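Student: I'm new to this structure and would like a close look at one single part of it. Could you walk me through that spot and then show me what lies around it?

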Amino acid sequence: MRRAVTVTVTASAVLAGGLFTGQAYAAPPTPSITAQGGFVMNNGTGATLFGKAADTRRSTGSTTKIMTAKVVLAQRGLNLDAKVTVQKAYSDYIVSKNASSARLIVGDKVTVRQLLYGLMLPSGCDAAYALADKFGTGTTRDARIKSFIGKMNTEARNLGMRNTHFDSFDGISNGSNYSTPRDLTKLASSAMKNSTFRTVVKTKTTKQKVTTKTGGYRYMSWTNTNKLLSTYSGAIGVKTGSGPQAKYCLVFAATRGSKTVIGTVLASSNETNRANDVKKLLDYGFAR
């Protein structure tokens with residue numbers, strides 16, 4: 001008489017023994033986003049995780065400032081503590097353009113490092129102007145600005161950004177300032193290799209001591225326009241953008257464990273949809 005044998009199979013045994021050979025976990029469904037363009041990649045491997053009109057040229061708004069910062073940080077012998085005197089031209093510019101501002105005060109002396117914070121956190125077009133004026137070459141301000149924008153386009157070509165062109169230092173277009181979700185993601189991935197850039201773009205708020213025209217000092221306080229830093233676990237950057245043509249854009253990155261997901265959405269209809277799109281894409285990216 002054969003004795004009955006009871007066998008208990010645990011979940012771990014099923015997995016380890018491969019009892020369900022041929023059955024794989026289903027990939028997460030591809031998300032639907034309201035933004036007109038989007039792209040996501042695994043920053044470690046470069047593998048594409050999501051694309052929607054990824055190579056369609058669109059206005060980029062202030063995500064342009066990623067390139068502004070990258071060009072500055074690529075300067076040979078860069079001294080981040082070198083001081084730049086705020087010129088009236090910078091404040092006149094933001095008034096004439098009704099542009100976002102770091103609220104720089106004419107005559108103050110601010111460091112290059114501080115200008116980078118003013119550029120990337122409050123998205124200061126005055127800070128962008130100051131950096132372009134400082135790091136462009138030429139005997140006139142117009143020549144220096146033209147030179148700096150030229151450096152931006154040279155860097156874009158060097159990075160293989162085939163569908164990108166800059167005509168401004170801050171994204172306020174003169175008619176031909178454009179990029180794509182794929183190109184901006186490629187740019188951000190390269191920029192994030194720089195430790196100073198990484199430190200700046202993950203900063204939520206900062207208070208900076210600057211020297212006044214009379215030799216005294218004042219404090220400048222800046223808050224990052226990238227709310228993702230406070231609303232998504234693991235968010236580490238990168239830059240918001242908006243405007244009448246650009247609508248609502250965000251170049252974003254987040255890290256969980258050893259995996260970093262980086263991407264871009266362009267032309268969302270409003271801030272809420274932009275945030276929802278990005279969170280969907282990040283969740284999808286980490287699940288892949």
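Student: Let's take Ile-172: does Ile-172 count as buried, partly exposed or exposed, and why?

Tutor: Keep in mind that this is a predicted model. Ile-172 counts as partly exposed, because its relative accessibility is 25%, and the buried class stops at under 20% while exposed starts at over 50%. You'll find Ile-172 in the loop between α6 and α7, the latter covering residues 181-191.

Now look at what Ile-172 touches. Setting aside neighbours within four places in sequence, its contacts are Tyr-93, Lys-97, Ala-99, Cys-125 and Asp-167. Let's follow Cys-125 from that list. Cys-125 is buried, at a relative accessible area of 2%. For Cys-125, the nearest cysteine sulfur belongs to Cys-249 and sits 14 Å away, whereas a disulfide needs the sulfur atoms within 2.5 Å. Cys-249 is buried too, with a relative accessible area of 0%.

On the α5 side, the contact is made by Tyr-129, Leu-131, Ala-132, Asp-133 and Phe-135. Helix α6 brings in Arg-141, Arg-144, Ile-145, Phe-148 and Lys-151. Sorted by class, this contact has 6 nonpolar and 4 charged residues, with no polar ones.

In β8, Gly-243 has Lys-247 as its bridge partner. Strands β7 and β8 (residues 247-256) pair in the antiparallel sense, over 8 bridges.

Both strands belong to an open sheet of 5 strands, ordered β2-β1-β9-β8-β7 with antiparallel pairing. Its edges are β2 (48-52) and β7 (235-243), each of which pairs on one side only. On average, neighbouring strands in this sheet are turned by 5° against each other, ignoring direction.

To finish, go back to α7, the helix on one end of the Ile-172 loop. Helix α7 lies across β1 (37-42), β2, β7, β8 and β9 (259-268), and runs at about 140° to β9.

Methods: Residues are numbered from 1 along each chain as its sequence is written. This is a predicted model: local features need pLDDT of at least 70, side-chain atom pairs count only at pLDDT 80 or more; totals for chains, interfaces and linings use all residues. Side-chain values use heavy atoms; hydrogens and water are left out. Contact means heavy atoms within 4.5 Å. Helices (H or I, at least four residues) and strands (E, at least two) are DSSP runs, numbered from the N terminus. Ala, Val, Leu, Ile, Met, Phe, Trp, Tyr, Cys and Pro count as nonpolar, Asp, Glu, Lys and Arg as charged, and the others, Gly among them, as polar. Buried means under 20% relative accessible area, exposed over 50%, partly exposed in between (1.4 Å probe, protein chains only). Two strands pair if DSSP finds at least two bridges between them. Axes are lines fitted to C-alpha atoms, for helices over the stretch in contact, and angles run from 0 to 180 degrees between N-to-C directions.
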